[in-house]
Amino acid sequence: MKDYLYEDVSLKSWLLTTDHKRIGILFLLTITFFFIIGGVAATLMRMELATAPGDLVSADVYNRLFTLHGTVMVWLFLIPSIPATLGNFLLPLMIGAKDLAFPRLNLLSWYVFLFGGLLTLWSIIIGGVDTGWTFYTPYSTTYTNSHVIMMAAGIFIVGFSSIFSGLNFIVTVHSLRAPEMTWTRLPLFVWTLYATSLIMVLATPILSVTLVLIAAERLFGVGIFDPALGGDPLLFQHLFWFYSHPAVYIMILPGMGVISEILPCFARRPIFGYKFIAGSSLAIAVFGFLVWGHHMFAAGQSLYAGLVFSFLSFLVAVPSGIKVFSWTATLYKGSIRFDTPMLYALGFMGLFTIGGLTGLFLATLAVDVHLTDTFFVVAHFHFIMVGGMLMAYLGGLHFWWPKMTGKLYPETLGRISAVLIFLGFNGTFLPQFILGYLGMPRRYYAYPEQFEFLNVISSAGAVLLALGYALPLAYFTWSLIKGRPAGADPWNAAGLEWKVSSPPPHHNFETIPVVEQPYRYPRPGHE
Amino acid sequence: MKTHLLVWLSLMLLLGLTVVAWQYHLGFLMALAIAVTKAALVIAFFMHLRKESPLTKFVAGAVLFWLLILFGFTLADYFSRLGF
Amino acid sequence: MSSPPELGMQFSDLRQQKDAYRLGAWVFVASEIMLFAGIFLVYLIGRMTHPEAFTEGSHELNQFLGAVNTAILLTSSFSVAVAVSKAEDKKYRTASWLLLLTAVMGICFLGIKAYEWYEEYERARVPGLNFTYEGEHLPGLLLFFWFYFTSTALHAIHVTIGVLVNLWFAWVCRYRAHWVPDPSPVVLSGIYWHLVDLVWIFLFPFLYLVGGAS
Ligand SMILES: [Cu+2]
């Protein structure tokens, strides 16, 4: 019985595969490529900001750089990251299914993503789009002389990939669970993927509409957003954030799921508050739709709307708080092992908490007026997106790498990379909170002398961070060739995915697997 | 078959009604109410939502809920800001 | 035990497969509804901002043909609903005729729609192609007609896909009934056609019936 990697090694068999595991790998390769591009743009920006005057690149190039960085990282890396790679690979394995419900739709989702992604990339690099990832109007529709329409088309297409994956996941979770896999036995990672899919299916269409409207205003001069044409720029922000705030949860929820898998395994304790974590995932998906106006406090929406959105933004912190408490309680009295995935998970907990708490500052109407469009906001969402999501993604990748490839990576290097990233991340973004509080605006390529010291620290931190990211890239590749074989269950972990060999066979399960209670740690009969 | 026929007849009736309402200037809300009624008939009887599983009903309910969020919050801002 | 040929390898039995496809169809419908909802929201705000222009634009449309087209779509929805229940009773011949009828009605709808578009083209009302207007409601009227063309075109694309699907299943039910031992695919295509109808139920008053008869 050959595993899914070697069952047929021709290029054609990869390009036409409907195996969810192979499609997960295709997504992994694709988003790694986009991550590197986005990372290079970030590096250039930090180099420019290392000195106060704008000396390395011109203002124009800097605008394109932050557009490239934001667009690629948000739309082409973070949104698909965990769902499309780990989610695709693990969801059927975790629920005891042979594949997703619609395997061909899954492959289509990858092709659509690849095409849309490359179109987007091209529109920025060749077409010089300089609107930022948010496309704010009327700048994007009336003033910029760049290929905004092409970029909008690219993101529009990528959106369909998201919808397809979401639809596939929802149906799979509902109809393909193994007979004994009840809802309360579902791994929490699956719960978060389910909640994420709801957002993808229900919110992404609104983004599609918004992008079409941008194209219409640019092409035909239809007055939708531009006040000079009788439109309303706030309408754009309503539509954009109706999708894009929930999209934050598309990015962070699967990360929370990964953490909920890693912590019990390395603390050798059952997860604390299973039902609370599962329920709060759904609560986040729903409440996440009620707070989009907190991006518009300083944009001129009505005071009443501002008050309501501010209040609701505080409420949405509650389910996240429940999760952090449950995770902490899981660690309490556990026999903790500090393997690489665990280091990433602990890093996640620290950084995500800081990111969440600073979010409360920003949700406060009066404080937000002071901090809007400063580096404080930049630091805040990087703590959530990079400190939270990316840490979880890398933690999950380290946790399931042996399963996906059948190979072990060098553990010491793994731990070094986790520590490097944690230190480098704090070095980069903690100073930015102070910079923002002192009033340094975002998206400028030059700044007054007095901000230089903190910016130098930030850039130095970014060097560490870059090293931290380069390391896994190197040793993961190395492990493919030289890594020791992993065996089916290198972490002694609970969960159906560890019951099959590594890498898993083509159709996952020969017979219908036996399902246990989730998170049965310590493992009975093993320790 | 018989239910379907009745539903079709009521749909045609409502279509006539909406045109008449337009002729008598009964306004947007009237037109909207008629359209919602027609949609409800189509969903309940033609798409058989009535006989579908609870899960399907849940999906339909979820969409309704999300529509309320989208329209409710956006229009709330517009009404309180511009006072249409 | 060998599994029937129409069963996908990821499913354990036909019932599971049927449930999965049914749920998939409804989730797809949910996503589509959100898409059109976004467009309707923009419409609503445009109409509240430019009430006179939207009334003027609406009065330029052909109410009679719009109403006829609505009647056609409602009737086609009826015929597809009957076709589905016939298919569920394994009366594939009748179902085939009804699906064909539905497709023909869809084509009539498209024909009438195309004629209306031509009328508006003659009056120079197509944004990006020949829109010219000298009156006092310019930005609003342009918005109205952009909305009119975008939403009806998006809807027409859905109708076209629906016509093709209906033709396909009319053929399958007539000549290849053994391909559909289970009528689920016909049910799903019916759900899609009703969605097309649903969207038009809102588009008709939103476009044609603004501000009362003049
Ligand atoms: Cu937000």
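## Asn62 of chain C

In this predicted model, Asn62(C) is placed in the loop that joins H2 and H3 of chain C. Apart from neighbours up to four places away in sequence, Asn62(C) makes contact with Glu116(C), Glu119(C) and Tyr208(C).

## Ser76 of chain C

Helix H3 of chain C contains Ser76(C). The relative accessible area of Ser76(C) is 0%, so this residue counts as buried. With residues up to four places away in sequence left out, Ser76(C) touches Thr102(C), Met105(C) and Trp193(C).

## Helix H1 of chain B

Helix H1 of chain B runs over residues 2-23, 22 residues in total. From its first C-alpha to its last, H1(B) reaches 32 Å, close to the 32 Å expected at 1.5 Å a residue. The buried residues of H1(B) are His4(B), Val7(B), Trp8(B), Leu11(B), Leu14(B), Leu15(B), Thr18(B), Ala21(B) and Trp22(B). These residues lie on the same side of H1(B) because they cover an arc of only 145° around the axis. On the face turned away from the buried side, H1(B) carries the exposed residues Lys2(B), Leu6(B) and Leu13(B).

The packing partners of the buried residues come from two chains: helix H2 (27-46) of chain B, and helices H2 (51-60), H3 (63-88) and H6 (184-208) of chain C. After H1(B) comes His25(B), which has a positive phi near 55°.

## Aromatic pairs

Over all chains, the count of aromatic pairs comes to 68. One of them joins Phe225(A) and Phe236(A) in an edge-to-face arrangement, with 5.4 Å from centre to centre and 80° between the planes. This pair links distant parts of the chain, 11 residues apart: Phe225(A) belongs to the loop between helix H8 (188-220) and helix H9 (233-267) of chain A, and Phe236(A) to helix H9 itself. Phe225(A) is buried, at a relative accessible area of 0%, and Phe236(A) is buried as well, at 1%.

Another pair, Trp292(A) with Phe309(A), is tilted, with centres 5.3 Å apart and planes at 50°. Here too, distant parts of the chain are linked, 17 residues apart: Trp292(A) sits in the loop between helix H10 (274-287) and helix H11 (303-315) of chain A, while Phe309(A) is in helix H11. Trp292(A) is buried with a relative accessible area of 0%, and Phe309(A) is buried with 1%.

## Ring cluster and charges over rings

Ring pairs also build a cluster that takes in Phe28(B) together with Phe40(C), Tyr43(C), Phe54(C), Phe144(C), Phe145(C), Phe147(C), Tyr148(C), Phe149(C), Phe202(C) and Phe206(C).

Two arginines are placed over aromatic rings. Arg22(A) lies over the face of Trp14(A), 4.2 Å from the ring centre. In chain B, the charged end of Arg81(B) is over the ring of Tyr78(B), at 4.8 Å from its centre.

## Confidence

The model has an ipTM of 0.93 and a pTM of 0.94. For chain C the average pLDDT is 91, and 98% of the residues score at least 70. Where pLDDT is low, predicted coordinates should not be read in detail.

Conventions
Residues numbered from 1 in each chain as written. Chains lettered and ligands numbered in written order. Predicted model: local features only at pLDDT ≥ 70, side-chain atom pairs only at ≥ 80, totals over all residues. Heavy atoms only, no water. Helix = DSSP H or I, 4+ residues; strand = E, 2+ residues; numbered from the N terminus. Expected span 1.5 Å × (residues − 1). Buried < 20%, exposed > 50% of the residue type's maximum accessible area, 1.4 Å probe, protein only. Arc of directions from axis to C-beta. Contact = heavy atoms within 4.5 Å. Phe/Tyr/Trp six-rings, centres within 6.5 Å; stacked < 30°, edge-to-face > 60°. Lys NZ or Arg CZ within 6 Å of the ring centre and 35° of its normal. pLDDT = per-residue confidence, 0-100.
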